[in-house]
Structures are given as structure tokens and as C-alpha cells.
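Have a look at the structure first, then work through each task before reading its solution.

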Amino acid sequence: MSAELYYKSASELSGLLDRKEISSVELTQSVIDRTKAVDDLVQAFNSFDEENALAQAEESDARRKRGESLGSLDGIPVGIKDVLAVKDQPLTCSSKILADFVSPYDATCIQKLKRSGAVLWGRLNMDEFAMGSSTENSATKITGNPWKLDCIPGGSSGGSAAAVSAGEAIVSLGSDTGGSIRQPASHCGIVGLKPTYGRVSRYGLAAFASSLDQVGPMGRTVWDTAALLQSISGHDPNDSTSYRIDVPDYVQAIEQLKGRKWTFGLPKEYFENAEDTASMGPVKEAIEFYKSLGCEIKEVSLPHTAYAVATYYIVATAEASSNLARYDGIRYTHRAESFDAKDSVDIYRQSRAEGFGNEVKRRVLLGTYVLSSGYYDAYYLKAQKTRTLIRRDFEEAFRDVDALLTPTAPSPAFKRGAHSGDPLSMYLSDIYTISANLAGIPGLSVPCGYVDGLPVGLQILGKPFKEDEILAMGNEFESAHNFKNEHPSL
Amino acid sequence: MEYEAVIGLEVHVQIKTESKIFSGSRSGYGYEPNTLVDPVVLGLPGSLPVMNKTALDGIIKAGLALNCTIPDYCKWDRKNYFYPDSPNNYQITQYDQPICDGGFVEIEMKGETRAVMGSHRKVALTRIHLENDVGKLNHFAEDSLVDYNRAFTPLMEIVSEPDMHSGAEAFAFLTAIRQTMIYCGISDCDMEKGQMRADANISVRPVGQKELGAKIELKNLNSITGVKNGIEYEIKRQTQELKKGRTMTQATWRWDADLGRTELMREKEDAHDYRYFPDPDLMPVRIDDEWRERIRCEIPELPFDKQRRFMEQYEIPYSITSVLVPDWELSEYFESAAKKAPKCAQAIGNYVTNDLLRELSESNTALSECKISPDGLLSLVEVIEKGVITKQIAKDVFIEMFNTGESATEVIERKGLKPDFDEGQVKDWCQEAVDENPRPVEDFRSGNEKALNALLGQVMKKSRGKANPQIVQGLLKELLS
Amino acid sequence: MAEAPHIDIDKVAELARIALTDEEKTKFSSQLESILGYIDKLNELDTTNVEPTAHPHSVENVWREDRATSELPTSEALKNAPKQRQNMFVVPKVVE
Ligand SMILES: [Mg+2]
Ligand SMILES: [Zn+2]
């Protein structure tokens with residue numbers, strides 16, 4: 001039995017654990033064994049600590065023995081994107097500049113996860129500082145897509161998606177700044193949710209773009225994703241941007257909202273060039289499915305869609321240029337071997353030149369430029385204003401509909417290296433996901449089919465803080481299909 | 001040609017709080033290096049700032065006390081620059097929407113003598129904003145060491161208009177700010193501890209010229225006197241240069257207090273490009289009338305107002321008020337005695353500013369530890385007024401009171417200092433003195449008023465110091481007329 | 001901004017404190033210029049009288065009470081330091 005534990009859902013596993021049919025040690029060992037068996041191929045992990053994971057599992061088993069289970073995640077191995085601070089564990093952001101960094105503190109979502117008894121499992125690969133859509137920008141390793149190893153897993157949470165897809169973790173945490181949870185979830189055939197901005201604390205999430213970043217859950221089922229969201233959500237006094245609003249019971253909501261006749265909007269700007277969009281086929285079938293349930297489907301308009309990528313790349317890079325200034329070779333990051341000690345600035349130039357990869361350099365340079373004197377109004381201020389227009393588009397659309405249905409990504413996972421020469425073409429692959437970050441709204445990606453043997457996702461964009469609704473919508477689709485039980489052959 | 005200097009000051013003042021401006025690490029001075037740090041203070045990946053409410057209250061209080069407008073809305077911006085003392089390599093500050101707008105500082109120039117009040121004027125402020133302090137660099141021969149204890153201490157930057165013209169005005173400006181901050185409990189403004197720091201912008205131009213001369217920024221002004229001396233030196237230097245026909249270029253100079261001169265730090269570099277933008281990690285602040293009023297109520301009477309009132313209400317001289325008022329506790333001490341006996345105010349003021357301060361300083365005691373209460377002091381002044389004891393004896397009584405904490409009457413009783421004779425006895429002593437000392441009697445009668453002192457001394461001796469000198473003098477004059 | 005944007009890559013790299021090789025300078029400036037060319041499409045939009053968005057939610061007055069909570073032990077604060085001495089971070093001599 002234990003050989004397949006790693007592919008069971010958290011919901012099923014927590015039942016088995018509660019009934020003492022399995023132990024967390026057994027489950028964790030199964031995940032560890034699976035990881036050791038396949039990670040040479042998938043390369044999802046930057047690092048992991050077997051002993052530490054088993055020790056956590058033992059504690060969980062001891063709790064259950066005492067009848068003190070902390071809930072549905074108690075004893076479940078959760079993979080952690082290498083962008084979240086876990087006390088006494090490495091935090092590399094897949095960057096050379098943080099290669100030796102060990103965090104002296106826990107992120108808030110990690111504290112919450114610990115309080116829910118989860119077994120924190122490993123450090124998952126990503127695009128360096130979450131900058132990318134393919135995990136090719138990692139300084140550590142190149143993660144493969146478990147469905148087709150020479151394809152990218154998506155990014156930036158590529159390791160988080162690949163690990164869950166390949167059974168190397170039951171669920172995982174990712175972060176999403178412009179699609180970094182939803183797009184890799186789509187590419188790896190799993191569920192991923194970007195919460196509303198402010199739903200999950202960013203304290204302990206190494207910042208890429210502060211006004212866009214959110215930590216979020218990834219899992220093989222909507223239920224698992226909901227349970228993980230449950231454990232990390234809520235207001236945090238350590239994050240001024242976290243929102244004071246009640247956290248509903250997501251798992252319960254999935255049941256309660258079952259069968260509701262939703263009104264869905266299809267943003268016409270997203271569907272205009274449908275014939276060029278490879279992933280459109282399965283998405284259209286998914287739309288038909290909702291119609292068959294009696295849901296209403298309406299066309300809506302997001303008139304400023306064409307400006308989202310440009311807006312995003314100004315806002316995100318400007319914030320990043322400032323957020324990443326702290327990686328300087330002074331306090332805790334890589335310090336260049338050699339620099340001109342007589343020029344007090346050279347330690348920065350050389351450490352950062354050695355420590356950052358190309359994509360990070362490119363974005364830091366772009367962000368520095370758009371903020372620099374004489375350009376602020378033309379770029380940064382302009383982008384902030386356009387951001388307002390994009391937000392309003394969504395507010396308008398949500399007057400008439402409960403949620404929007406769109407593809408998560410224009411195409412399934414592409415071959416490694418396909419976009420490496422042309423950053424702009426890579427940026428443009430984020431068109432469906434980026435706007436949700438600009439508007440701060442939640443988005444879910446659910447597997448909805450295959451194109452060329454690779455999974456593609458349906459994106460459901462919801463109203464602010466209506467994660468419960470989009471989870472219920474996603475669950476409706478998931479329960480009527482068998483995608484959650486289909487795994488890559490590794 | 002005549003030249004004039006135009007001076008603006010940027011004054012950084014730390015706000016006294018328990019914790020840092022954006023995190024829960026303690027604020028403090030004199031701790032072991034890197035002990036007052038947490039993930040925010042070190043700028044660790046993932047750390048996020050959260051505003052300290054007391055720091056906001058503090059700057060609003062400062063702004064109201066310095067006559068600023070407190071706008072309804074202010075926000076936080078990042079000022080991006082790389083420096084080892086800056087944990088994030090950006091400072092969280094306020095760029096275009098500071099918390100305090102405009103305002104002015106009332107200053108007092110030195111009077112002709114210490115007994116005379118100097119002239120007062122208002123120095124205009126541009127703004128006051130709030131920001132995080134940075135760490136401290138310790139310089140060694142080969143390298144520098146960074147201690148981040150100071151980083152993220154709440155820091156106000158008070159920016160004046162170029163509205164001063166001399167080192168003395170700058171001195172008066174800083175003194176006034178310091179006293180206001182201390183009065184309001186916002187900061188102790190101890191420059192040695194870096195709680196107050198000042199940079200000056202100085203330019204010199206020919207009198208009558210409209211546009212300002214080249215701006216020289218003066219740094220390393222480590223004391224209020226240093227500010228005055230540095231500025232005066234700089235004005236002299238720049239004026240001499242101009243007189244020699246040289247042109248000044250914008251640059252940063254530093255004051256060397258030991259050598260008593262300024263030296264060039266750097267010529268005007270490329271203008272800084274700080275790439276300010278709104279800090280996405282912090283929410284803006286909205287301030288309503290209720291908040292402003294709540295803070296306004298916490299502002300005590302300010303030093304110059306108190307001084308003017310003391311002079312008027314208690315009719316005490318400027319020289320006394322100028323000792324009392326700069327020390328808030330001392331002035332409160334004075335007033336709690338004086339308001340019960342306004343007629344004795346001057347005597348109380350004298351005791352406080354002379355005897356009390358002397359004893360406190362000689363015994364190294366803080367006023368808060370002083371055994372004489374304001375009421376105790378008042379009781380002493382009253383027994384003197386009533387003529388129960390002489391001023392001479394009162395001096396000793398005061399010291400006894402200071403040492404033991406007894407009341408004046410207790411000391412007088414215990415030491416038997418009350419006169420044990422009546423006025424008839426004093427008259428007899430006066431007659432004896434006149435009879436026994438023909439020489440001074442003669443001198444007095446031939447017009448030497450001072451000769452009376454010798455007779456007075458004799459009478460005082462006979463009374464063992466207990467007779468009232470004023471009464472004795474009167475009796476002697478009567479006898480000799 | 002009608003003509004193709006031109007980046008002073010030396011200036012930007014110096015502001016960002018990243019040393020670039022000549023080759024990188026050429027590569028990055030052409031890539032950034034092409035991205036900026038794309039970004040220029042924002043100029044099609046009239047944004048007069050549009051308020052800028054700095055935060056996804058317009059929440060105000062988020063603060064904490066002034067209470068000291070906790071600090072990192074000095075050993076933890078320094079454990080990732082590339083170079084340390086006397087419990088402080090060693091940096092190249094800074095000339096003021
Ligand atoms: Mg991405
Ligand atoms: Zn400042």
C-alpha cells in the first residue's frame with residue numbers, strides 16, 4: 001500500500017491517518033522514497049532534509065496517538081518553494097547570491113503550517129527570485145515537466161508544481177506575482193490557487209514585487225488546495241498589506257456551494273484570437289461543461305487587457321529593483337571573491353554581478369531605469385494609472401458575473417530553451433494570469449485536458465476574497481472529470 | 001563689497017519609543033553591537049515593516065509644537081541608495097507627502113547681558129517627515145564594522161527654509177528645537193548619543209543679490225556649539241574666497257571640531273538619483289481632526305510661552321526664568337511652590353536657581369530625588385519673610401533640609417535657631433555697639449554710610465546671627481541720627 | 001517618447017550596482033530597449049485624471065502599538081555574514 005501513498009490526496013490521507021491505517025512516518029517515508037526515485041529526472045528540489053521531515057512525522061504520529069491531531073494537514077508532507085523563510089533551513093530563492101543563506105526565522109505562513117501539523121518537506125526549485133515562467137532561470141538546476149521531461153514545468157513555482165505532479169510532495173506552497181502558481185499548475189496538470197492580495201501574509205516571502213506577490217497553495221485536488229489555503233490564510237499583524245477579513249471554511253464551502261448556478265464571464269479580449277491559442281480546445285470544453293450544469297455564460301469585456309503585460313513589467317521590475325537591493329554582499333549574501341576595496345561601491349557591483357543571473361539582472365536594470373530621474377512619470381506613474389484602469393475593468397465585469405473563465409496559459413508547456421533568446425516573448429506568455437495580480441483578485445487553475453499529451457489548465461478568476469467560490473466552481477469541474485487521478489508516467 | 005550668508009538646517013531627531021519604527025525590536029543606545037536587531041532591522045529576505053503608532057503620534061506632536069500644518073493624508077516612499085549602514089539599501093521615508101508641512105521655530109538670540117532677554121524671531125520650516133534611522137559604521141584602519149542597533153529607530157527630519165544668517169541663529173534654532181522636543185517628551189535630543197543631528201546648507205552672496213550663492217553642505221556637526229562654530233568658520237571662509245574673486249562650487253565640507261576648521265569632503269558629484277517611489281509594503285496614513293486634537297492636548301506649555309508667563313505672572317526677572325525654563329522639571333518645581341505664594345516667587349526663584357541647583361550638582365542628585373519638596377522650600381521662604389529667621393541662618397537651614405528632608409520648622413526647632421530674645425534686647429545690643437565703637441560711629445556721622453556695617457556686625461555677633469539685619473540697620477540709623 | 005527609447009546602460013548599471021561586461025552591456029541594452037519599445041504602447045492610453053494604484057486595496061492606518069516584542073540573538077543575526085568581527089559586519093573601509 002505504502003508504495004502508492006505518495007499519489008493519494010491529502011483528504012484521503014488524513015482519513016487514513018485519523019483511522020490509524022497509516023502513520024505519518026510511513027507516508028513521509030513513501031514521499032521521501034518517491035523523491036529519491038524520481039527527482040534525478042524531475043529535479044524539483046533544491047534541497048531536502050530527510051531526517052528533519054521524519055522527525056516532524058514522528059511528532060505528528062505522537063500527536064495523533066494522544067488524540068491531539070491538529071487537523072486535516074497534520075502529518076501531510078508539504079513541499080515548500082525555496083522563496084519562503086523556514087527557520088534553520090536554507091532559503092536560496094534559487095539564486096547564487098543566497099546560496100549559503102540559512103533563515104533565522106519562519107515566514108508567517110510557515111508558522112501557520114507548523115501549527116497545523118504539516119510535515120515541511122524540502123525546498124522547491126523556482127525561477128531565481130520568482131522571475132520567470134519556466135524555472136529555467138534557476139541558478140540551482142533545471143526542473144523538468146514530469147509529463148515530458150524535456151519540457152519546462154512552468155514557473156516561477158516550477159519545482160512546487162513538478163513535485164506535486166510527480167508525487168514528491170502531497171501538496172506544496174508556491175508564490176504568484178504574475179501567474180507563478182497558476183501557470184506551472186496548468187503545465188504540470190495540478191491545481192493551483194493565487195489568493196486575493198492580502199489574504200495570505202507575505203511576511204517571510206522573499207519579495208519580488210511587493211504589491212503583486214501572494215503565497216498560495218498547489219495540490220492535486222481542489223479539496224487539498226482548499227485545505228492548504230485554509231491553514232495559511234488570515235490577517236497577520238506582521239504584514240501591513242494583509243487584509244483584516246474573516247477566513248471562511250474553504251473545505252466546507254466547496255460542499256455548501258455545490259450545485260449553485262453560477263454566472264461566468266468570458267473576457268472577449270482573451271478569446272479573440274482563440275484559433276492561435278493552443279490551450280483553447282480543452283478550455284472551451286470546460287465552458288460547455290459549466291453550461292451543461294445550467295450556469296450562465298456571458299461575454300464580458302476587459303478593455304485594458306492589451307496593456308496588462310506592459311503595466312506589469314513596469315510595476316514588477318520597479319518594485320523588484322528596490323526589493324533586491326538588499327542582496328549586496330554585506331550582511332548575509334554572497335560576497336564577491338575579489339573587488340576593489342579602495343572603491344567602497346565595488347563590493348556591491350561585483351557581488352551582485354556574480355550573484356544574480358541574467359533574468360534578475362535584466363529586470364533589476366529595467367526597474368532601475370523606469371524609476372530613474374526623468375522617467376518616473378513616463379513609466380512608473382503611467383503604469384500605476386493603467387493599473388487603476390485594469391482594476392476597474394474587473395470591477396465592472398464582476399458587476400454582471402460571479403467569475404471569469406479563461407485559459408491559464410496560451411499553450412501547454414514548451415520545450416526547454418524555446419524562449420531563452422527572447423525575454424519579451426516569454427513575458428507575453430503570461431497574458432492571462434498577469435491581470436489578476438494587477439487587480440489583486442484571486443485565481444484558480446484546474447486541469448481541464450491535454451494538448452499534445454501535455455496538461456492544460458482552466459483559469460477561474462474570482463471576486464476579491466471569494467476564494468471559496470472559485471474553489472467550489474473548480475471542484476464542480478474536477479469531480480465530474482478524472483484528471484486528478486491521472487499522473488505522469490515516470 | 002558686503003556679503004551675507006544664507007543658512008538652512010536639516011535636523012534629524014530620534015523619537016523616543018520603546019520599539020523601532022517598523023518592527024518590534026527595542027530602540028536604545030549603548031547596547032552591545034547587533035543586539036537590537038530582528039529580521040526587519042537586518043533587511044532579511046521576506047521581512048516587512050509595520051508602522052509604530054507612537055512614532056506617528058510623536059511626529060504629529062512635534063509638528064504641532066513647531067506650528068506645522070498636519071495634512072489629512074501622508075504616505076511612505078522608498079529612497080533608494082546603497083550604503084552599508086542601510087539594511088535594505090533603501091530608506092523608508094516621506095517624499096512628496098510628508099506628515100508635517102510648513103511651520104516655524106521661535107528662536108531667541110543672546111541678549112546684551114545674561115540679565116536681558118534677547119530678540120526673538122521666527123525661522124520658517126519647510127517640512128518635517130518621518131523615516132527610519134540607519135545603522136552605525138565604526139571605522140578602522142583597514143575596514144569598517146557595521147552595527148545595526150540604531151537602524152530603524154524612528155527619525156524625524158526637520159527641514160528649515162534657508163532662513164538663517166549666522167551661526168548664532170543656527171545655535172538658537174537648534175536650542176529651541178531641542179527644548180521643545182524635551183518639553184513635549186518626544187526626544188531627549190542628546191547629540192552625543194546621536195539623538196539629534198544637524199547638517200547645514202550655507203551659501204554666501206553679495207548683499208543685495210537676489211539669487212543664492214553656491215550651496216555648501218556642512219556635515220559632522222556633533223554639538224550645538226559645533227554647529228555654531230562650523231557655520232561661522234564656513235561663512236568666514238566663503239566670504240574670504242569671494243573677496244579674493246574666487247567662485248564657490250557646490251560641495252560637501254566637514255567640520256573638524258578639534259582643528260577648528262572645515263575641510264572638503266567631496267565636490268559636487270552627479271546629482272543623486274534616489275528613485276523615490278511609494279513603498280508598497282506600507283499603507284498610507286490618514287489623520288483626522290480628532291487625532292490632531294488628541295495630540296494637541298498632550299502638548300505642554302512651550303518654553304518661550306512659559307518664560308514670558310513667569311516673568312509676567314510672578315514678576316521674576318529674566319535671568320531667573322532663563323535658568324528655570326530650559327529645565328522643564330525645574331520650572332515645574334518652581335511653579336508648584338510659587339503659585340501658592342506668588343509674592344514669594346522671586347525668593348523661591350532665587351532659592352531654586354542658586355541654592356537648590358548648587359546642592360543638587362554638588363551632591364550629584366537629580367531633582368526627582370531631591371528631599372526638599374516644593375512645599376518644603378515654600379515653608380522656608382515663608383519663615384524668612386515672617387522674619388522668624390534671618391537669611392543667613394536660612395542658608396544653613398536649607399542645607400539641613402536638603403540633607404535630611406525635614407521641614408524648615410523641624411530644622412529650626414531641632415537646632416534652636418529661633419531668636420530667643422525680643423526687640424528690646426536688640427535695641428540694647430545696638431546701644432552697646434554704638435557705645436563700644438566710637439570710631440565707626442564717627443565715620444558714619446561724617447557721611448560714610450558703609451561704617452554702619454561694622455556696627456551691624458557687632459550686633460549680629462551679640463545675637464549669634466539671629467537678629468534680623470534689616471531691623472538692626474533701622475535701629476542703628478535711628479540711634480545715630 | 002516618439003522615437004525608440006535609448007538606455008544609458010552605464011548609468012543604469014551603476015545605479016543598480018551591477019558590474020556588466022561590455023558584451024552584457026550590448027545585450028542588455030538591446031533587450032531592454034525592445035521591452036521599452038513594447039511598453040511604449042501605454043502611451044496610447046489617456047490617463048489624465050486617473051488616480052495611480054500603489055496598493056491593490058485602499059486600506060489606511062495599519063500600525064502596531066509601540067511594544068518591544070523580540071529580537072534575534074546576535075549569533076543568529078550574524079550567522080550568514082560573509083565576514084564578521086566583534087559581533088559586527090565587516091565591510092571595506094567606507095571613506096566619508
Ligand atoms: Mg510567472
Ligand atoms: Zn533624513
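## Exercise 1: Chain A against chain C

Task: work out how many residues each of chain A and chain C brings to their contact, and how much area is buried there.

Solution. Start with the head count: chain A contributes 67 residues to the contact and chain C contributes 54 residues. Keep in mind that this is a predicted model. Next comes the area: about 5300 Å² is buried between chain A and chain C, with carbon and sulfur atoms giving 66% of it. On the chain A side, A:Tyr307, A:Leu365 and A:Lys382 lose the most area to chain C, together 12% of what that side buries.

## Exercise 2: Polar links and helices

Task: find the salt bridges between chain A and chain C, then say which helix of chain A gives the largest share of its side.

Solution. Begin with charge pairs: 4 salt bridges cross the interface of chain A and chain C. A:Asp88 and C:Lys79 form a salt bridge, their closest N and O atoms being 3.5 Å apart. Then widen the search: 18 residue pairs are in polar contact between chain A and chain C, both residues at pLDDT 80 or more. Now turn to the helices of chain A: H11 (308–323), H12 (346–355), H13 (358–371), H14 (377–400) and H15 (423–428) each supply at least two residues of the side that touches chain C. The largest share, 13 residues, belongs to H14(A). Sorted by class, this side of chain A holds 34 nonpolar, 19 polar and 14 charged residues.

## Exercise 3: Chain B against chain C

Task: describe the contact of chain B with chain C.

Solution. Here 53 residues of chain B touch 34 residues of chain C, and the buried area is about 3800 Å², with 55% from carbon and sulfur atoms. The salt bridges between chain B and chain C number 3; one of them joins C:Arg85 to B:Asp143 at 2.8 Å, N to O.

Methods
Residues are numbered from 1 along each chain as its sequence is written. Chains are lettered from A and ligands numbered from 1 in the order in which they are written. This is a predicted model: local features need pLDDT of at least 70, side-chain atom pairs count only at pLDDT 80 or more; totals for chains, interfaces and linings use all residues. Side-chain values use heavy atoms; hydrogens and water are left out. Contact means heavy atoms within 4.5 Å. Buried area is the accessible area (1.4 Å probe) that two parts lose on being put together, summed over both. A salt bridge is a side-chain nitrogen of Lys or Arg within 4 Å of a carboxyl oxygen of Asp or Glu. A polar contact is a pair of N or O atoms within 3.5 Å; within protein, one must be able to donate a hydrogen and the other to accept it, and residues adjacent in sequence count only if both atoms are side-chain atoms. Helices (H or I, at least four residues) and strands (E, at least two) are DSSP runs, numbered from the N terminus. Ala, Val, Leu, Ile, Met, Phe, Trp, Tyr, Cys and Pro count as nonpolar, Asp, Glu, Lys and Arg as charged, and the others, Gly among them, as polar.
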